[in-house]
Amino acid sequence: MFTSSLWITGSSRTGKTSLLTQEFCQWVRQQLSGQQKKSRQILPQQQLTPAVLVFAANNSNRRKLADRLSLAVDGTYPVICKTPVGFITDEVTLFWPLLFERLKLKAQFPLRLRPEAEQELATKLWRDRPEWDILVANTNEYRLVRQTLDLLQLAGTSGIPTEDIPTILEQGLPNLELDEAGKQENRLNEGLWQKMGQLLLDWRNWCLDRGLLTYGLIYELYWRYLLPDPTYQSHLIPRYQAIFADDVDDYPAIARDLFELLLDRGKFAVFTYNPDGKIRLGLNADPNYLEGLAVRCQIRELPSLNTGLISELDSTIAQLGNETWFPSFLPDSIQSIQTISRAELLRTTADIIIKAVKRGEIQPSEIALIAPGLDEIARYSLIEMLSAQGIAVEPLN
């Protein structure tokens, strides 16, 4: 019997997901064993239900994790794996009648808005506001709309009411000694925050009246109204007996609220966490807040890998990042490639990789080609050059 949830922490490639898979297999075996004892009283189609909640940080990992868990148990247990936003969206849609009743909404059926449609409709709505000309006087209209809408999403993922956004923006301004010009600009900014907050409230109400759902609204409806609702909890809690969540350092803060609720009801859970990850820090993810779940679990810390370039070059790479110009000298373990054009740089890089692989100095699976901001044409060119020489390439985001 599982009595304590598990918090698995470790850096990349230390086996966190493998350990989560092992725990899942053990949990499934226990469930199957328990079902066999009851098989005489329960019809075959009733013996097993998808009573486990599996989470992954993004869609790519979700598909891989679902396949991995299904193969690990030979298909004997249904695996439903979702991302946090996918799960929350499904719940808001499924329980819309409950929200419809609680919030006295006018639209009986919700309709999802894509970001492009959200941008267009919000712009049309806000252009009719008397203060709009003042807001866009010194900034790009498209950018202002996008940033304002993003505030609603950031607030929703972190469990902050829309009404509190202006206050938080004001508090975020540096408390500095200002001259008269600075004080006047500060007063203008304060008015800007209040106006942006009012625009968001107008936008939220306009959407809800029509049953239009954006990501920001979906998040807020879930944490603020649905998750605390006793009727919703009475449906949610019996549905899941366990949680298996991979890479929770990339989850929004409100995911912890969901996990806390299930843990409070005695559900078993396995979480994996990378303290050095935080890829989506500031982009809806709150790794520090999610880490607070560790105190409720048995902690298993995996040893860090001491192999590879990172253990040898970490201090050197950090030093290079602080240089204002490229240093004239480098350690022997770092080789510089300098060309006069990007096309030549791509060809030279590919040639070096191809020669090293053909000489047997390194395997393709041991190579990571890191190119921030690489566009689709350059990505395609690199893949084509390497693939033509029989070197498999897996593009990552």
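Modeller: In what follows, a contact means heavy atoms within 4.5 Å, and please keep in mind that this is a predicted model.

Biologist: With that cut-off, which residues does T9 touch, not counting residues up to four places away in sequence?
Modeller: T9 has its place in strand 1, and T9 is buried, with a relative accessible area of 12%, where buried means under 20%. Leaving out residues up to four places away in sequence, the residues that T9 touches are K16, Y273, P275, I299, R300, E301 and L302.

Biologist: How many residues of strand 7 are buried?
Modeller: On one side of strand 7 lie F268, V270 and T272, and on the other A269, F271 and Y273, so that both faces are covered, as all of these residues are buried. Strand 7 (residues 268-273) is therefore largely enclosed by the rest of the structure, and the number of its residues that are buried is 6 of the 6.

Biologist: Which residue of strand 7 does F244 stand opposite?
Modeller: In strand 6, A242 and F244 point one way while I243 and A245 point the other way, and all are buried. F244 is itself the bridge partner of V54 in strand 6, and in strand 7 F244 stands opposite V270.

Biologist: How many cavities of 30 Å³ or more does a search of the whole structure find, and how much space lies in the largest cavity?
Modeller: Rolling a probe the size of a water molecule over the atoms shows where empty space is left. A search of the whole structure finds 1 cavity of 30 Å³ or more, and the space in the largest cavity is about 40 Å³.

Biologist: Which helices each supply at least two residues of the lining of the largest cavity?
Modeller: The lining consists of F55, P84, F87, I88, Y222, I254, A255 and L258, and by class it has 8 nonpolar, no polar and no charged residues. One of these lining residues, F55, also takes part in the sheet, with A245 as its bridge partner in strand 6. The helices that each supply at least two lining residues are helix 3 (84-94) and helix 12 (253-264).

Biologist: Turning to the whole chain, what share of the residues of the protein count as buried?
Modeller: The accessible surface comes to about 23,500 Å², of which 52% belongs to carbon and sulfur atoms. Among contacts with a separation of 6 or more, residues 24 or more positions apart account for 75%. Of the 397 residues of the protein, the share that counts as buried is 39%.

Methods: Residues are numbered from 1 along each chain as its sequence is written. This is a predicted model: local features need pLDDT of at least 70, side-chain atom pairs count only at pLDDT 80 or more; totals for chains, interfaces and linings use all residues. Side-chain values use heavy atoms; hydrogens and water are left out. On a 1 Å grid over the protein atoms alone, a cavity is a set of points where a 1.4 Å probe fits but cannot get out, and a pocket is an open set with protein on both sides within 12 Å along at least five of seven lines; lining residues have an atom within 4 Å of a point. Grid points are joined across faces, edges and corners, and a volume is the space filled by probe spheres set on the points. Helices (H or I, at least four residues) and strands (E, at least two) are DSSP runs, numbered from the N terminus. Ala, Val, Leu, Ile, Met, Phe, Trp, Tyr, Cys and Pro count as nonpolar, Asp, Glu, Lys and Arg as charged, and the others, Gly among them, as polar. Buried means under 20% relative accessible area, exposed over 50%, partly exposed in between (1.4 Å probe, protein chains only). Accessible areas come from the Shrake-Rupley method with a 1.4 Å probe; for residues, only the protein chains shown count as cover. Two strands pair if DSSP finds at least two bridges between them.
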